[in-house]
Amino acid sequence: MAGSAAPRRVAKPIGTITRGTTGINRLRRGDRWMAHDSLVAGRLLDAADPLVVDLGYGASPVTTLEMAARLRTVRSDLRVVGLEIDPERVVPGRDGVVFARGGFELAGLRPSLVRAFNVLRQYPESAVPEAWSTIQSGLAPDGLLLDGTCDELGRRCAWILLDRTAPLSLTLAWDPFTVGTPSDIAERLPKALIHRNVPGEPIHTLLTAADRAWAVAAPLAPYGPRVRWRHASNLLREQGFPLHPYRRRLRDNLLTVPWSAVAPLP
């Protein structure tokens, strides 16, 4: 591998070994979002060295391989490296993906995109700023970090998108047919927000309003949960919540807001 896509040997990666739970298609919602998001896809298309790192892929590399396949629909020459802090989880490369040992220091790589799913969830909330900062410092100049969490089957997902300096947005994504209310995603919020879902905090205000809008949209339930959520989303926008508008047809129910709309209070 050429250039910055070759990970260096790391004697002591930054971070701690986590449970490593993974599963086929568990991270599909995040992958689909990255492939269609204008900012993420645009940065990959513009990158001189389109390198993507999957940080902490777990006991099996399957979700790294799936991500590589999905993101290569954006750019076919994409380089993908999976990093694991546990040396016993490092496997031989396959399908154009390299696997190596590494942690928050990114094994010396300078990626355009890092996906870290279900990694920081296993750390204390106080560890998040330093972990973010370490990863951000290793990104390419226009690089992005996706810090996400999901349930065991990938039906309830949430992620924060960051650039080199700050969080940019929060996205909630869920299976329209198995999730009852938007606030059901609260149990899978990223570590930076999961303990902030209490009255008075912006994330709690947003989820409470989303549940109310979902209830108001109940008459549209016979047309399916996607139609119902589109109507609920419009109600939220009318109330002043800055939801990102999605113009394309969606498999998932999505809610994306700027980080400023949900950032924890001091």
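**Before the close-ups.** In these legends Ala, Val, Leu, Ile, Met, Phe, Trp, Tyr, Cys and Pro count as nonpolar, Asp, Glu, Lys and Arg count as charged, and the others, Gly among them, count as polar. The model you are looking at is predicted, so local features need pLDDT of at least 70 and side-chain atom pairs count only at pLDDT 80 or more, while totals for chains, interfaces and linings use all residues. Residues are numbered from 1 along each chain as its sequence is written, and side-chain values use heavy atoms, with hydrogens and water left out.

View 1. A pocket is an open set of points on a 1 Å grid over the protein atoms alone, with protein on both sides within 12 Å along at least five of seven lines; its lining residues have an atom within 4 Å of a point. Of its 22 lining residues, look for Arg226, Arg230, Tyr246, Arg248 and Leu250 nearest the centre. Helix H7 (225-238) and strand E8 (253-258) are the elements that give two or more residues to this lining; helices (H or I, at least four residues) and strands (E, at least two) are DSSP runs, numbered from the N terminus. H7 makes the largest share, with 8 residues. Sorted by class, the lining has 10 nonpolar, 5 polar and 7 charged residues.

**View 2. The second largest pocket.** Here the volume is about 240 Å³. Its lining has 21 residues, and those closest to the centre are Thr21, Arg26, Phe117, Asn118 and Gln122. Strands E1 (51-55) and E4 (113-117) each supply at least two residues of the lining. The class count for this pocket is 5 nonpolar, 9 polar and 7 charged.

**View 3. A cavity inside the structure.** Unlike an open pocket, a cavity is a set of points where a 1.4 Å probe fits but cannot get out. Searching the whole structure turns up 1 cavity of 30 Å³ or more. The volume of the largest cavity is about 110 Å³. Thr16, Gly56, Ile85, Val119 and Tyr123 lie nearest its centre, among 15 lining residues. That lining is made up of 7 nonpolar, 6 polar and 2 charged residues.

**View 4. Strands E1, E4 and E5 side by side.** Two strands pair if DSSP finds at least two bridges between them. E1 and E4 pair in the parallel sense over 3 bridges, and E4 and E5 also run parallel, over 5 bridges. Val114 in turn has Leu145 as its bridge partner in E5, and Leu113 stands opposite Leu144 in E5.

View 5. Buried means under 20% relative accessible area, exposed over 50%, and partly exposed in between (1.4 Å probe, protein chains only). In E4, 5 of 5 residues are buried, with Leu113, Arg115 and Phe117 on one side and Val114 and Ala116 on the other. Strand E5 (residues 144-150) has 7 of 7 residues buried, so the rest of the structure largely encloses it. From E5, Leu144, Leu146, Gly148 and Cys150 point one way, while Leu145, Asp147 and Thr149 point the other way.

View 6. With 8 of its 9 residues buried, H1 (residues 28-36) is largely enclosed by the rest of the structure. The buried residues are Arg28, Arg29, Gly30, Asp31, Arg32, Trp33, Met34 and Ala35.

View 7. Arg89 sits in the loop between strand E2 (79-84) and strand E3 (97-101). Despite being in a loop, Arg89 is buried, with a relative accessible area of 12%. Setting aside neighbours within four places in sequence, its contacts are Ile17, Thr18, Arg19, Gly20, Tyr57, Gly58, Ala59 and Glu84, where contact means heavy atoms within 4.5 Å.

Terms used:
Grid points are joined across faces, edges and corners, and a volume is the space filled by probe spheres set on the points.
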